[in-house]
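Reader: I'd like to learn how to read a sheet and a ligand site in a model like this one. Can you walk me through it?

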Amino acid sequence: MIDTKVINTNSQDLALAAKLLQDGELVAIPTETVYGLAANALDSNAVSKIFKAKGRPSDNPLIVHIGSLEQLPSLIHNISSSAKTLIQHFWPGPLTLVFRSSQKVPNIVNAGLTTVAIRYPKHPITTAIINLSGVPLAAPSANISGRPSPTNAKRVFEDLSGRIPLIVDGGSGSVGLESTVVDVTGTIPIILRPGKITQSMMERYVGRVDIDKGILQNNNPKSPGMKYAHYCPNATVYIVEGRNEDVIQTIDNLIDSPENKNKKIGVMATDESLNKYNPKAEVISVGSRLNLDTVAHSLFETLRTFDDLGVDIIYSESFPQGKQSDIRTAIMNRLMKAANHNVINA
Ligand code: TXA
Ligand code: MG
């Protein structure tokens with residue numbers, strides 16, 4: 001067991017984080033999306049510790065985080081014109097781009113693929129740590145593999161204390177869901193994982209952007225990480241779909257159903273519906289339907305809060321996609337995985 005220290009973001013503490021990273025150790029760091037578990041991306045031995053600490057399958061590649069554009073050229077081979085445009089408009093930010101990898105990136109980082117995923121985060125603490133350490137940082141989300149991603153230092157500690165030496169507490173990130181991952185190795189960018197930067201936001205600048213059909217249908221996705229069970233709280237999650245009134249009625253019936261008699265039930269509601277459910281259940285709002293960014297921000301934390309309460313079953317409202325492509329694609333992608341695709345029609 002390693003003694004896990006939690007530190008702040010003053011300059012002395014950040015210098016300590018950078019020193020540990022230079023020495024080949026792991027440090028959990030805040031970003032604007034979720035917390036990352038970082039190691040020197042150019043040090044295979046350091047990166048191998050990430051897989052061990054998380055219990056992550058070795059065929060799931062890691063994102064390399066850079067702190068300035070100057071770090072990019074040595075990590076990749078050729079860059080398409082659409083990639084250049086996306087960089088210009090969305091970096092630094094919650095967008096990861098998949099390029100052809102240079103020889104400099106160790107195999108363990110990209111799990112033997114010929115490509116490498118790169119992100120230039122916007123969070124000032126993340127870039128400060130990268131630039132103080134002087135190396136690009138490989139960093140997956142800082143959770144035990146399969147669990148909901150952590151959006152604050154307390155949740156990182158819950159999963160990884162005893163496994164890593166240091167956590168930098170930088171408060172809770174603004175986005176709450178992991179970055180959008182986009183393959184830019186071809187002429188048309190392809191979204192491999194939906195996120196805050198949406199298809200329509202990118203199409204405004206680069207014309208056509210495709211979305212990997214596999215992620216929407218849960219069928220043979222292009223990105224290795226998308227095939228794994230993910231974001232799962234201890235409770236069994238069901239998504240209840242239908243008109244708002246029908247969803248509330250159906251969930252209330254389920255709360256009272258004989259088969260749930262000895263079960264502790266959680267309801268993932270929204271600000272608009274919070275007071276309408278049977279109060280026998282643990283009812284929590286995940287955010288407001290009038291501002292879906294609040295739902296993205298709180299989704300993982302709310303799933304973990306239900307675990308704190310020890311519920312057996314979570315019934316969640318749904319956030320179905322309309323015609324427009326927006327943050328709902330990312331919210332439903334994570335929620336469907338948390339629910340193992342269990343959907344109840346109201
Ligand atoms: O917001 C984020 O992206 C956070 C923060 C810490 O930056 N990181 C994150 O990392 O979510 P992780 O490891 O939990 O998810 C990385 C995803 C996985 O689905 C992985 O399979 C995919 O990116 N990925 C990484 N390298 C890839 C590659 N070369 N080709 C395709 N997919 C790749
Ligand atoms: Mg992850």
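Author: We'll take the sheet, then its helices, then the ligand. Keep in mind that this is a predicted model.

Reader: In what order do the strands of the open sheet run, and is the pairing parallel or antiparallel?

Author: Strands count as paired when DSSP finds at least two bridges between them. Here 5 strands form an open sheet in the order 15-14-16-13-17, with parallel pairing. Strand 15 (282–285) and strand 17 (343–345) are the edges, each pairing on one side only. On average, neighbouring strands are turned by 25 degrees against each other, ignoring direction.

Reader: Over how many bridges do strand 14 and strand 16 pair?

Author: Strand 14 (residues 265–269) and strand 16 (residues 313–317) pair over 4 bridges, in the parallel sense. One to look up: isoleucine 265 has isoleucine 313 in strand 16 as its bridge partner.

Reader: Which strands does helix 8 touch?

Author: Helix 8 (residues 244–255) packs on the sheet and touches strand 13 (236–241), strand 14, strand 16 and strand 17. Its direction makes about 145 degrees with that of strand 13. Helix 9 (residues 292–308) lies across strand 14, strand 15 and strand 16, at about 165 degrees to strand 14.

Reader: Now the ligand. Which residues come nearest to ligand 1?

Author: Of the 27 residues around ligand 1, the nearest are Thr33, Asn60, His65, Ser179 and Gly225. Then check polar side-chain atoms: one of arginine 56 lies 2.9 Å from an oxygen atom of ligand 1, and one of arginine 193 lies 2.9 Å from an oxygen atom of ligand 1. For threonine 115, a polar side-chain atom lies 3.0 Å from a nitrogen atom of ligand 1.

Reader: What percentage of ligand 1 does the protein bury?

Author: Ligand 1 taken alone exposes 680 Å², and the protein buries 97% of that.

How values were computed. Residues numbered from 1 in each chain as written. Chains lettered and ligands numbered in written order. Predicted model: local features only at pLDDT ≥ 70, side-chain atom pairs only at ≥ 80, totals over all residues. Heavy atoms only, no water. Helix = DSSP H or I, 4+ residues; strand = E, 2+ residues; numbered from the N terminus. Axes fitted to C-alpha atoms, helices over the stretch in contact; angles between N-to-C directions. Contact = heavy atoms within 4.5 Å. Near = heavy atom within 4 Å. Polar contact = N/O pair within 3.5 Å; in protein donor to acceptor, adjacent residues only side chain to side chain. Areas by Shrake-Rupley, 256 points an atom, 1.4 Å probe, with all protein chains shown as cover.
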